[in-house]
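Open the structure in your viewer and keep the selection tool ready. Each stop below says what to select and what is there.

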Amino acid sequence: MKNSRVSFPFTLLRFWFWRILWLWLLVGFFISIIQIIQCSIAQDNENVKMTLDFLQRMPGFIKEAVGGDILDISSTTGFIAITYQHPLVLALYMVFAVCVPTGLLAGHVQDGNMELILSRSVTKNQVYICACILTLVGMLTLVIVMFLGTVVGINVCSFDQEISLWPFFRAAIVGGLLSATAAGVSLLAAATFRNRGRAVGIAMTFFIVNYFIDLIAGWWPRAKFLGPSSIFYYLDTKEILVGTGWPTGDMAVLASILIVTVIAGGIIWNRRDLPL
Amino acid sequence: MKTLEIQSLTKWYGSVCGIEDVSFDIEQGEIFGYLGPNGSGKTTTIRCIMGLLKATSGQARILGRQVRPGRATQHNRIGYLPGDFQIWRNHRAHRSLDVLAAIGDKDHTRQRREELAERLGLDLSRTVGDLSKGNRQKVGVVYAFQHEPELLILDEPTSGLDPLVSQTVLNLIREAVDDGATVLLSSHDLSEVSAVCGRAAILRQGRLVELSKISEIVQKGQRQLKVWFVAGTEVPDLPLEKLEGVREIGRKGQLLHLAYQGRADTVLKWLAQFPVSRIATLQTSLEDAFIQYYSDSAGRNGGTS
């Protein structure tokens, strides 16, 4: 009998990699540029101080939207770190987290290409693993790009005090875990729905609701109890910048959500009929 | 040796039946026709065989191995052409075919692909999105044949193709079988099935209603008679209550066109009482037999999936 072993489809992985590379480059470019720009703004300490004073006087929800507790640090490090949870940066991450898995899984199912892929010597699990690898590695490397943007910005710009990179690295890693968790939720949506639009809609709704829960819980004391129900709650940049250790509790929660969503997506993907 | 074995395959989509209790075998080197109108369950059967759908019950075996849904059972030995062939539209055809061949560990398909494209009159360097529907279907044909598979599963392979290219595709099927391949040909184009297939199954509403040689299916179909009565005599009405299985197709002048099922002697005995000048029998086609399975008298039309 001929060999019917199904080897890992590195060809599919490569093919999909080239298909998503442009999006990765686009998001990575903007995220790193934002970090460098923030550093260049932050090197003018007088203006930073004025800006922070101005932001402190803003209503709570505006303050929360541009950085929240980080502003209380009132330091150059805090000012640079604003971009680590700025809505624009988060939106860029979410674009990648949503577009990649929904495009690779639900999109290919909707377009009919998945039927061709699965008619070759590749299992459904392998297809899902390819999508997982590209999504999760893509998210984590984007976070590294963001951190590198900060490294470049801090080294290019001149500050009147020494800026430690270590807090930014920790913030980037935890941010990467949050991004990966978001990607896990998108993978789950992409594995569940055959319609790309529906998968994107579900994932985006989840993130927007989570974001606003975190925002409201941050400035309205009565809604504080809602905070832990949002995934964004577990990226406490102020705590990371002020503290010296890793926020292991927050990281464990994010890692748990990531694992659960990725495994649940895999089970659903494996059990559902394709392409119907 | 049986290349494909289907045993009591059943697939329900919730409360809707896709196929029910479908069983058939295909021997090595055979071209097997799988007939049925749209929605009769042909594509559902094929997707169950390919492991794309999980059958509710029953099983399929391909080249000796039981199909496990989503596990690519023997896919490196199968050439598959889906009924609705879709391929990445923003890539050149040869690039997409290269990728698909490589996913199946069949990297050395370029020469065969070029041969197929030449025979089909297809320019593989063009972007798929720029190709006409017919040319995209040709890409699908190349995709199914390019790695010289042992089993070809073709769902409406000539859909959208002109008659000349359709003929080329049928020739490719015959040549593949000459080289030892086995073919499952799903179609509702009866002329192509009768042209290349030895046996066929007919599906109606998800159930197999016929499974035999093409010639036997044709035999079971209604036959037609054209009867010219002597000039000046009246063309009689058919006594339908006495002539079971006989129906009138039409009449014009002295001509009576009728169809009958089974033996001809009942009709001939009835005709013997009239002055008949000429009788012509028309050759029964697979189409006649097929239509009979779907005529109102045979059952309801349409299907479920």
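**Stop 1: helix H4 of chain B.** Select H4(B). This helix is mostly covered, with 11 of its 13 residues buried. Keep in mind that you are looking at a predicted model.

Now colour the buried residues. They are Gly134(B), Asn135(B), Gln137(B), Lys138(B), Val139(B), Gly140(B), Val141(B), Val142(B), Tyr143(B), Ala144(B) and Phe145(B).

What do the buried residues of H4(B) pack against? Show H6 of chain A, then E6, H2, H3, E7 and H5 of chain B. Those are the elements they pack against.

Next, check the length of the helix. At 1.5 Å a residue, the 13 residues of H4(B) should span 18 Å. The C-alpha atoms at its ends lie 19 Å apart, which agrees.

**Stop 2: helix H2 of chain B.** Select residues 93-103 of chain B. Eight of the 11 residues of this helix are buried, so the rest of the structure largely encloses H2(B). The buried ones are Ala93(B), Ser96(B), Leu97(B), Val99(B), Leu100(B), Ala101(B), Ala102(B) and Ile103(B).

Which elements cover the buried residues of H2(B)? Chain A contributes helix H1 (10-42) and helix H6 (113-118), among others. The cover from chain B includes helix H3 (110-120) and helix H4 (133-145).

**Stop 3: the six-stranded sheet.** Stay in chain B and show its strands. Six of them make an open sheet in the order E6-E7-E8-E3-E9-E10, with mixed pairing. Strand E6 (78-81) and strand E10 (207-213) of chain B stand at the edges. Each has a single partner strand, so one side of each is left without a neighbour in the sheet. On average, neighbouring strands here are turned by 15 degrees against each other, direction ignored.

Zoom in on E6(B) and strand E7 (residues 151-155) of chain B. The two run parallel and are joined by four bridges. Find Gly79(B): opposite stands Leu152(B) in E7(B). H4(B) returns here, packing on the sheet and touching E6 and E7 of chain B. The direction of H4(B) makes about 165 degrees with that of E6(B).

**Stop 4: a hairpin.** Select residues 2-13 and 16-27 of chain B. These are strands E1 and E2, paired in the antiparallel sense over eight bridges. They form a hairpin with two residues between them. In the turn, Gly14(B) has a positive phi of about 65 degrees. Along the pair, Trp12(B) stands opposite Cys17(B) in E2(B).

**Stop 5: the two domains of chain B.** Colour 2-85 + 146-218 as domain 1 and 222-283 as domain 2, as the domain assignment gives them. How many Å separate the centres of domain 1 and domain 2 of chain B? The distance is 39 Å, taken over C-alpha atoms.

Go to the four-stranded sheet of chain B. It is open, with the order E12-E13-E11-E14 and antiparallel pairing. Its edges are strand E12 (246-252) and strand E14 (276-282) of chain B. Each has a single partner strand, so one side of each has no neighbour in the sheet. Neighbouring strands of this sheet are turned by 20 degrees against each other on average, direction ignored.

Select strand E11 (residues 223-229) of chain B. Six bridges join E11(B) to E14(B), and the two run antiparallel. Pick Lys226(B) and look for its bridge partner in E14(B), which is Ala280(B).

**Stop 6: where the chains meet.** Show both chains. The contact takes 28 residues from chain A and 37 residues from chain B. Together the chains bury about 3,000 Å² between them, 55% of it on carbon and sulfur atoms. Select Phe15(A), Leu116(A) and Arg120(A). In chain A, these three lose the most area to chain B, together 24% of what that side buries.

**Stop 7: chain A.** Chain A has 11 helices and zero strands. Of its 276 residues, 54% count as buried.

End at Leu241(A), in helix H10 (residues 237-242) of chain A. Is Leu241(A) buried or exposed? Leu241(A) is buried, with a relative accessible area of 11%, and the cut-off for buried is under 20%. Now select Phe169(A), 72 residues away from Leu241(A) along the chain. The C-alpha atoms of the two are separated by 9.7 Å.

Terms used: Residues are numbered from 1 along each chain as its sequence is written. Chains are lettered from A and ligands numbered from 1 in the order in which they are written. This is a predicted model: local features need pLDDT of at least 70, side-chain atom pairs count only at pLDDT 80 or more; totals for chains, interfaces and linings use all residues. Side-chain values use heavy atoms; hydrogens and water are left out. Domain bounds come from an automatic or database domain assignment. Buried means under 20% relative accessible area, exposed over 50%, partly exposed in between (1.4 Å probe, protein chains only). Contact means heavy atoms within 4.5 Å. Two strands pair if DSSP finds at least two bridges between them. Axes are lines fitted to C-alpha atoms, for helices over the stretch in contact, and angles run from 0 to 180 degrees between N-to-C directions. The expected span of a helix is 1.5 Å times one less than its number of residues. Buried area is the accessible area (1.4 Å probe) that two parts lose on being put together, summed over both.
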